[in-house]
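My notes follow the model below.

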Amino acid sequence: MSDTERSLPALKRLSYAVGHFLNDLCASMWFTYLLVFYHSVLGFENTYAGVLLLVGQVADGICTPLIGYESDRTPGCGNYGKRKTWHLVGTLSVMLSFAFIFNQCLGCGYLTPQWVSLTYFIPFIIVFQFGWAATQISHLSLIPELVTCEHARVELTAYRYAFTVMANITVYAVAYLLFHVQAREDDDPLSDMLGPQDILVFRNLALIVLGIGALFSLLFHLGIAERSPGADGEAGGEEGRKRMEEDEEDEPRPLLQWKCWLQQPSFYQVALLYMSTRLMVNLSQTYISMYLINTLGLPKKFIATIPLVMYLSGFLSSFIMKSVSRLIGKCLTYFMGLLLIMAFSYWVLLDEKMGERVYGAAVLLGAGSATVLVISLAMTAELIANQTQSGAFVYGAMSFTDKLANGAAVMIIQALHPCHTVVCCPACVWFYHYIMVIVTGGVAVVAALALCSILIWPIRIRPRGLPLISEDESIVN
């Protein structure tokens with residue numbers, strides 16, 4: 001069947017793409033501003049700020065595979081669909097917890113011990129990460145269920161990432177406006193430095209994010225109808241009948257449950273690639289603000305404008321990704337993204353006094369990050385293929401490796417921080433300089449090795465006591 005026949009209508013593609021918008025808005029604030037907010041605004045020690053991010057990543061890492069497993073086995077709420085039910089539960093959890101994370105501890109003052117504030121924030125972070133994981137896994141698991149052909153999956157993933165970029169653009173644009181309004185009202189020459197006076201900025205940003213995200217989540221739930229098992233032939237319309245006819249023509253295939261995936265070498269290949277991709281994207285997003293303020297000595301408005309440029313370049317690159325992937329294949333498209341990230345890393349390494357030239361480097365990092373992230377998700381969808389009954393577990397397992405790796409990396413970096421004060425000491429200037437080089441160029445080398453393993457041993461379901469699956473149907477191009 002042609003790609004056109006298998007693609008969703010434009011309205012349904014858009015409805016699906018906006019379903020992760022709330023998560024993307026919150027993730028943008030979480031990775032870009034969490035360390036900045038707790039260290040530079042609330043005055044937490046580096047290790048305490050790192051502990052909060054680590055707790056969040058570990059909670060997300062634990063919840064993700066468990067939610068994936070439960071999402072595969074539970075029927076959902078009535079006729080609403082199991083994926084959309086979990087999506088709704090996750091959305092409500094995020095809405096109830098996120099505003100408390102980017103605010104001052106209620107009832108706390110300047111004399112309150114930091115461990116008390118730490119204890120206060122941890123429950124809200126755990127609830128937020130549970131909700132974030134439930135929304136993410138349920139949303140990703142819909143891709144193999146909504147479309148079946150390879151290029152339609154890449155297209156739907158690209159649409160999804162385009163709205164991810166739009167979410168990040170929204171966060172950074174609103175942050176810039178809030179900082180700009182604050183600067184006009186404050187004549188203090190020190191107002192370009194982050195401090196307790198910025199608590200209101202981050203609190204208002206979090207509330208605006210939740211309002212916008214809630215609206216887009218509503219559009220997703222109204223616009224997407226999840227297909228119930230067995231409904232293809234009765235209520236699935238023409239598409240359901242066509243899929244049913246194809247299934248009858250195909251040879252019987254084994255249904256892989258979660259234990260079977262652990263026996264598949266390709267499962268670990270994709271997991272390493274996805275983990276490396278997320279490390280590059282998330283760690284560069286986490287430490288770009290510290291690099292701009294402490295290493296380059298730029299005003300605080302740059303922690304909004306530089307990420308904005310990064311995601312604008314990523315947004316533009318997402319539109320050509322389907323055509324490039326179709327022309328040269330997913331592996332070469334991913335490698336092109338790696339080259340852009342390595343070019344950014346090399347530029348940062350050589351140009352120690354970059355100044356406003358950082359805008360050019362941000363374009364490279366943004367386009368490269370968008371490319372590798374979309375393609376890694378498309379490869380995960382291809383690994384699952386028609387095994388949609390356990391798709392949520394696969395996405396959950398991939399996310400598990402990503403969350404634990406990111407949390408551990410941030411904790412190690414925070415523990416190695418040379419300064420023990422809120423204000424950056426001279427040693428932290430070079431520290432963040434080399435951190436930006438390592439989390440982009442260094443991790444890109446690991447991702448390149450994972451990509452090489454996929455080129456040598458293509459992704460496919462290898463039979464281990466299971467009926468053989470046709471090579472044409474299971475290999476990732």
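**Helix packing notes**

I take helices from DSSP runs of H or I of at least four residues, numbered from the N terminus. This is a predicted model, in which local features need pLDDT of at least 70, side-chain atom pairs count only at pLDDT 80 or more, and totals for chains, interfaces and linings use all residues. Residues are numbered from 1 along each chain as its sequence is written, and side-chain values use heavy atoms, with hydrogens and water left out.

**Entry: α13 and α15**

I found the axes of α13 (residues 302–328) and α15 (residues 358–384) coming within 7 Å and crossing at roughly 45 degrees. Axes are lines fitted to C-alpha atoms, for helices over the stretch in contact, and angles run from 0 to 180 degrees between N-to-C directions. That angle makes α13 oblique to α15 (under 35 degrees is roughly parallel, over 145 roughly antiparallel, 65 to 115 roughly perpendicular, the rest oblique). The contact includes Gly 314 and Ser 317 of α13, and Gly 366 and Ala 367 of α15, where contact means heavy atoms within 4.5 Å. I noted 14 nonpolar, seven polar and no charged residues in it. Here Ala, Val, Leu, Ile, Met, Phe, Trp, Tyr, Cys and Pro count as nonpolar, Asp, Glu, Lys and Arg as charged, and the others, Gly among them, as polar.

**Entry: α5 and α9**

Helix α5 (residues 82–101) packs on helix α9 (residues 199–223) at about 165 degrees, with the axes 10 Å apart. The two are therefore roughly antiparallel, and their crossing is left-handed. Among the residues that meet are Lys 84, His 87 and Phe 98 in α5, and Leu 210, Phe 220 and His 221 in α9. By class I have eleven nonpolar, four polar and one charged.

**Entry: α4 and α6**

The axes of α4 (residues 46–73) and α6 come within 8 Å and cross at roughly 30 degrees. That makes α4 roughly parallel to α6. I logged this crossing as right-handed. Its contact has 18 nonpolar, six polar and one charged residues.

**Entry: α6 by itself**

What span should the 28 residues of α6 have at 1.5 Å a residue? I get 40 Å for residues 114–141, and the end C-alpha atoms are 40 Å apart, which agrees; the expected span is 1.5 Å times one less than the number of residues. α6 also bends by about 25 degrees at Phe 121, with Pro 123 following within four residues. The bend is the angle between axes fitted to the seven residues ending at a residue and the seven starting there.

Notes:
Left-handed = near helix turned anticlockwise from the far one by under 90°.
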